[in-house]
Amino acid sequence: MAVTHTEEFRREAVRIALSNGLSRTCVAADLGIGKSILGHWISQYRTAELPVPELQTDLARENERLRLENRVFREEREILKKATQFFASQKT
């Protein structure tokens, strides 16, 4: 009896196989499918545009925001260092 898997299951299996670093044999065994079937799905969907998980886009956006914030803090720190040096030189 042949088991048919949904399109969503196939895409998720391909995403897992390509993104988590586990061997195809391990991923196939975990999902209860054959290694050759997983390999076929990967070759079939590799050329297709797999959607980027929402979490990764959120992380990329957060990373960019934090880099900008870090740059602002460094600039402020440099200004405060210069102000400290200026006022320290005025006291003597």
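**Helix faces and a surface patch in a predicted model**

Phe-73 lies in helix H4, residues 54-91, of this predicted model.

Me: Is Phe-73 buried, partly exposed or exposed?
Reply: A residue counts as buried under 20% relative accessible area and as exposed over 50%. Phe-73 has a relative accessible area of 47%, so it falls in between and is partly exposed.

Me: What accessible area do the residues of the nonpolar surface patch have together?
Reply: The patch on the surface is formed by Leu-68, Val-72 and Phe-73. Taken together, these residues have an accessible area of about 260 Å².

Me: On which side or sides of H1 do Ala-13, Val-14 and Ala-17 lie?
Reply: Ala-13, Val-14 and Ala-17 are buried in H1. Because they cover an arc of only 100 degrees around the axis, they lie on the same side of H1.

Me: Which helices are included in what covers the buried residues of H1?
Reply: The buried residues of H1 are Ala-13, Val-14 and Ala-17. Their cover includes helix H2 (24-31) and helix H3 (35-46).

Me: How far apart are the end C-alpha atoms of H3?
Reply: H3 has twelve residues, and at 1.5 Å a residue these should span 16 Å. The distance in the model agrees with this expectation: the end C-alpha atoms are apart by 16 Å.

Me: Against which helices do the buried residues of H3 pack?
Reply: In H3, the residues Leu-38, Gly-39, Trp-41, Ile-42 and Tyr-45 are buried. They cover an arc of only 160 degrees around the axis, which puts them on the same side of H3. These buried residues pack against H1 and H2.

Methods. Residues numbered from 1 in each chain as written. Predicted model: local features only at pLDDT ≥ 70, side-chain atom pairs only at ≥ 80, totals over all residues. Heavy atoms only, no water. Buried < 20%, exposed > 50% of the residue type's maximum accessible area, 1.4 Å probe, protein only. Helix = DSSP H or I, 4+ residues; strand = E, 2+ residues; numbered from the N terminus. Arc of directions from axis to C-beta. Contact = heavy atoms within 4.5 Å. Expected span 1.5 Å × (residues − 1). Patch = residues over 30% accessible without salt bridge, like charges linked within 9 Å, V, L, I, M, F, W, Y side chains within 5 Å. Areas by Shrake-Rupley, 256 points an atom, 1.4 Å probe, with all protein chains shown as cover. Salt bridge = Lys/Arg side-chain N within 4 Å of Asp/Glu carboxyl O.
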